[in-house]
Structure formats: C-alpha cells, structure tokens
Amino acid sequence: MTSQTLLLRLQPVCIVLTATLSFVQLSISDCKRKGNFTRLMARRLPGRYLLQYVACFFAFFSAGFLIAATWTDCWMVNADDSLEVSTKCRGLWWECVTNVFDGIQTCDEYDSIFAEHPLKLVLTRAMMITADILAGFGFAFLLLGLDCVKFLTDEPTIKLRICLVSGVTLLIAGFPGLIGSVWYALGVYVERSSLVFHNVFLGIQYKFGWSCWLGMAGSLGCFLSGAVLTCCMYLFRDVGSGRFYSPNSLRKMYSPAGTTVANTYYPSSQTATAKMYAMDTRV
Amino acid sequence: MANAGLQLLGYFLALGGWVGTICSAALPQWKQSSYAGDAIITAVGLYEGLWMSCASQSTGQVQCKLHDSLLSLDVHLQTSRALMVVSILMGFVGVIVSVVGMKCTKVGDENPVVKGRIAMAGGVLFLIAGLCTLTAVSWYATQVTYEFFNPNTPVNARYEFGSALFVGWAAASLTMLGGSFLSCSCPTPTEERRGQQHYRQSQPSTAREPNVKMSSSPIRGEQCL
C-alpha cells in the first residue's frame with residue numbers, strides 16, 4: 001500500500017517532466033508541417049515513448065561502460081605516494097606498466113586460468129562477464145520493443161511486454177556488475193588501509209582506477225534504465241490514450257491521490273492500450 | 001522496392017562490417033615480423049600498427065609504444081590512418097541514417113518514397129565506407145609486399161601481413177555487401193508515382209478516423225510485408 005502511494009506521489013513529477021519534453025518535440029514537429037500531422041503527433045507522443053528512448057539511451061551507454069570496464073586494464077593503479085616513476089595498471093586479465101618518460105608500455109598477461117589466482121579476481125571476472133551478457137541482451141531486446149520499430153504489429157501488447165522483460169533483464173544485469181566492481185574496489189581499499197594501519201610500506205600502493213569507476217557507472221546506469229522501463233512504464237501504461245493533452249485530464253492528474261486512483265488503475269486499461277496500438281500502427 | 005528482410009540483412013551485415021573496421025583500425029598487428037626463409041627463432045616478435053609498434057617477448061610480456069610524431073611518419077601510414085578514420089565516421093553516419101530509412105521503423109512512414117531514398121543514402125554511405133577501408137588496407141598491404149621483396153631490406157628485418165589486414169579486408173567486404181543490399185531500396189519511377197498517389201489518398205482518411213484497426217487497411221499490409 002505504501003509503495004502505491006509513493007508511486008502516486010511521484011507521478012505528477014514524471015508527468016510534468018514528460019509533458020514539457022514532449023511539448024518541445026511537438027513544437028519541433030509543428031514547424032515541419034501544420035495541420036493534422038501535428039494533431040496525430042500529439043496523440044502519438046505521450047510520455048511513455050519518451051521514457052522508452054531515455055531508457056534505451058541509458059541501456060546503450062551502461063552496456064558499453066560495462067563491456068569497456070571488463071576489457072580495460074586499470075582496475076588498480078598505483079597511488080601517487082608510491083616510489084614508481086611509471087603508471088602501473090592492473091586489470092582483470094593483464095597488467096601494464098607505462099613509463100612516464102619515454103611512453104613505452106609493457107604489458108604482461110596473467111597466467112592461464114587454471115593457475116593460482118586470487119578468488120576475488122576470478123569471481124570479479126565471472127560477475128563482469130555475466131553483467132556484460134545480460135546488459136547486452138537487455139539492450140538488444142529493448143530495441144525490438146521500441147515504439148518506432150515495427151515488430152509483430154498484429155499483437156497490441158507485445159511491445160509493452162518486451163519493454164518490461166528487457167527492463168527486468170537490465171535490473172538483473174545491474175546486480176553482478178555492481179557487486180563485482182564494488183567488491184574489487186573494497187578489496188583494494190581494505191588491502192591498502194590494512195598496510196597503512198600496520199605501517200608497512202612495500203614500495204607500491206594501489207588505489208582503484210578508472211575501469212572500476214566505469215564498471216560502477218555502467219551498473220548504476222543499468223539500474224536506472226531498468227527502473228525507468230519497469231516502474232515508469234507501468235505508471236504511464238494508460239496515460240497515452242490520447243486524452244493526455246486535454247486540460248481537463250491534466251487537472252485530473254494533479255489532483256490529490258483519491259481521485260487519481262480511479263484514473264490510473266481503472267480496469268479497462270487493456271482496451272485503452274489496444275486502441276492506442278491500433279492507432280499507432282496505423283499512422 | 002526491396003523488401004524489409006533484405007534491408008535488415010544488409011543493415012546487419014554493414015553493422016558487422018563497421019565494427020570490424022573499428023577493430024582493424026585499433027589493432028596493432030598491421031604488419032608483423034616474418035620468419036620466412038631460414039627459420040631463425042628469435043626471442044622477440046615485432047609487430048606494428050597504425051598507432052603503435054609493439055615487441056612481444058618470449059616470456060609473454062608485450063611492450064608497446066605509440067608512434068612518435070605525426071609528421072615524421074611514412075606517407076602510406078598517414079593515408080591509411082586518414083582513410084580508416086573517414087571510413088569509421090562514414091559508417092557511423094550510415095548506421096544512423098539507414099535506421100531512419102529502413103522499413104522496419106516508423107519514422108517518416110507516411111512517405112515511403114522519401115524513406116526509400118533515405119535508406120539508399122545510408123547504403124551509399126556504407127559503400128563509400130567499405131571502399132575507404134579497402135583502399136587503406138590494400139595500400140598498406142602493397143607497401144608491406146614492396147618492402148618484403150625489396151632486396152635492400154635485411155633478411156631479419158622483413159615484415160609480412162598481420163591479422164588486422166585480414167580483419168580489414170573482411171570488414172570492407174561485409175560493409176560493401178550490406179551497403180549494396182541497402183541501396184537496393186531505391187524506389188523506381190513507377191513506384192514513386194504510385195506512392196505519391198496513395199499518399200494523397202490515404203492522408204485525409206487517416207486524419208478523420210484514427211482508430212481504425214490496422215489489419216483492415218490494405219495499404220498498411222502492403223507497406224510492411
């Protein structure tokens with residue numbers, strides 16, 4: 001019950017945002033062609049579609065970040081207070097030393113996968129690869145669910161389901177990515193702070209590098225786009241039935257929760273969506 | 001007009017080719033040291049790419065260094081770099097443009113003729129990108145061959161084709177194949193006339209009754225298979 005009220009409180013904010021954004025889009029399209037095209041666009045561009053594109057944008061970048069984080073080598077870099085004159089980066093697969101003066105980069109791959117590796121390294125690899133695959137799959141599946149792509153046009157609700165499934169996939173993909181990168185970062189931090197605590201100086205000290213940050217940013221982006229796809233799509237599932245731009249309905253949206261319940265959760269939302277799809281595919 | 005399946009096939013071929021182009025431009029193995037002739041086993045294998053030259057030790061370490069100055073490089077290296085970058089940019093624009101033009105998207109759906117032309121433009125961009133990659137890779141390969149058979153080159157400093165060259169050839173052919181598939185969607189004159197007619201007819205009816213079921217419209221069925 002509390003989550004429902006929370007969603008209802010959030011709804012006006014989402015609506016104001018999307019209304020302004022789609023108004024901008026409307027005015028752009030208005031410049032292109034006056035008349036019935038504009039009216040059609042007004043019915044075609046409710047917030048739901050905009051949310052799809054926002055989610056798609058985030059999903060693309062977070063999948064890219066996760067893949068980049070997995071295959072780059074700066075998960076650990078040497079801290080400035082160590083004695084080296086070169087930048088030393090350790091990654092999940094190899095470590096590289098770049099000399100600051102002549103720019104020569106020397107890379108060394110870790111031994112074969114069956115050799116002795118710290119458990120942290122192997123598990124982080126596994127987590128990151130899982131996150132890569134899930135995020136890539138979620139993004140590719142989301143492309144099929146986008147409104148501007150014609151896919152299975154005979155079935156009215158398939159797009160909504162595809163978006164939901166890819167949102168859940170992206171949410172799931174966020175977990176291993178976040179766990180992997182945060183765990184690695186924590187390990188580095190604990191190692192360093194325990195060395196400092198015991199007052200031991202081994203000549204080199206590590207901090208976490210930009211690949212680790214990329215991994216964290218990618219998994220947070222996955223969470224964000226997954227949340228947009230699952231929660232906001234659910235909120236907007238019947239807003240897009242064409243009454244969105246009439247002032248009456250806007251006033252209804254801003255009214256307190258009691259009256260909005262009837263509007264948001266009325267049982268015939270299926271037919272509204274179906275109508276909307278029939279209209280959209282027609283245009 | 002070409003059907004949507006052919007367009008999709010062409011798009012994905014070209015997309016794969018574009019990714020291959022990026023890979024081949026980034027890889028450092030454009031030429032690698034050759035062991036042809038008397039097989040001297042050395043502890044160091046050298047290879048060189050567009051951006052860096054590397055030495056791989058027998059202990060498994062790889063040392064790389066970026067090329068020093070842009071101006072002191074060979075002409076063929078500079079040209080290959082420029083062509084590869086142009087090709088990647090062209091491919092990027094092509095990826096975006098042909099999404100707009102393909103039949104499986106709804107953007108600009110009310111005017112199929114223009115849509116077909118946009119798809120063709122995307123295909124032409126891919127074709128140019130593929131040609132750029134092909135030129136760059138083949139030029140570099142010619143230079144490597146020339147140096148290999150040059151009698152003045154010492155025997156143990158000879159280079160042969162690296163893996164990036166082969167990736168580049170494959171990418172160029174994929175991009176060009178996909179681009180030519182996409183270019184097939186150029187509308188013919190008769191279709192243009194018919195398209196304009198049905199555009200004129202269908203426009204008012206769409207405005208009047210937007211809630212008509214999709215399956216009842218014959219135009220719709222014809223447009224998207």
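Mentor: Let's settle one word before anything else: buried is under 20% relative accessible area, exposed is over 50%, and partly exposed is in between, with a 1.4 Å probe and protein chains only. With that cut-off, buried residues account for 40% of the 225 residues in chain B, while in chain A 47% of the 283 residues are buried. Bear in mind that this is a predicted model, where local features need pLDDT of at least 70, side-chain atom pairs need 80 or more, and totals for chains, interfaces and linings take in all residues. Residues count from 1 along each chain as written, chains are lettered from A and ligands numbered from 1 in written order, and side-chain values use heavy atoms, without hydrogens or water.

The biggest giver is β4(A), with 4 residues. The labels follow DSSP runs, numbered from the N terminus: helices are H or I with at least four residues, strands are E with at least two.

Stepping back to the chains, how many helices and strands does chain A have? It has 9 helices and 5 strands, running α-α-α-β-β-β-β-α-α-β-α-α-α-α from the N terminus. Chain B has 6 helices and 5 strands, and along its sequence the pattern reads α-β-β-β-β-α-α-β-α-α-α. In chain A, 69% of the contacts between residues at least 6 apart join residues at least 24 apart. For chain B, the figure on that count is 69%.

A few individual residues are worth a look too, starting with T72(A). You'll find T72(A) in the loop between α3 (47-71) and β1 (76-78) of chain A. T72(A) counts as partly exposed because its relative accessibility is 21%. Once neighbours within four places in sequence are set aside, T72(A) is in contact with G91(A), W210(A) and S211(A). With S211(A) there is also a side-chain polar contact of 2.7 Å; that term covers N or O pairs within 3.5 Å, one able to donate a hydrogen and the other to accept it, and sequence-adjacent residues count only if both atoms are in side chains. T72(A) looks back along its own chain as well: a polar atom of its side chain lies 2.8 Å from the backbone oxygen of A68(A). On the other hand, 28 Å separates the C-alpha atoms of T72(A) and Y53(A), which are 19 residues apart along the chain.

Helix α3 of chain A also holds A63(A). Buried or exposed, where does A63(A) fall? A63(A) is buried, at 8% relative accessible area. Beyond four places in sequence, A63(A) touches A135(A) and G136(A). Its C-alpha atom is 24 Å from that of K150(A), 87 residues away along the chain.

Over in chain B, S87(B) sits in helix α2 (residues 75-101). S87(B) is buried, since its relative accessible area is 2%. Leaving out residues up to four places away, its contacts are T21(B), A129(B), C132(B) and T133(B).

Finish with V155(B), found in the loop between α3 (112-149) and β5 (159-161) of chain B. V155(B) is partly exposed, because its relative accessibility is 47%. Although V155(B) and S34(B) are 121 residues apart along the chain, their C-alpha atoms are separated by 9.0 Å.

Terms used
Contact means heavy atoms within 4.5 Å.
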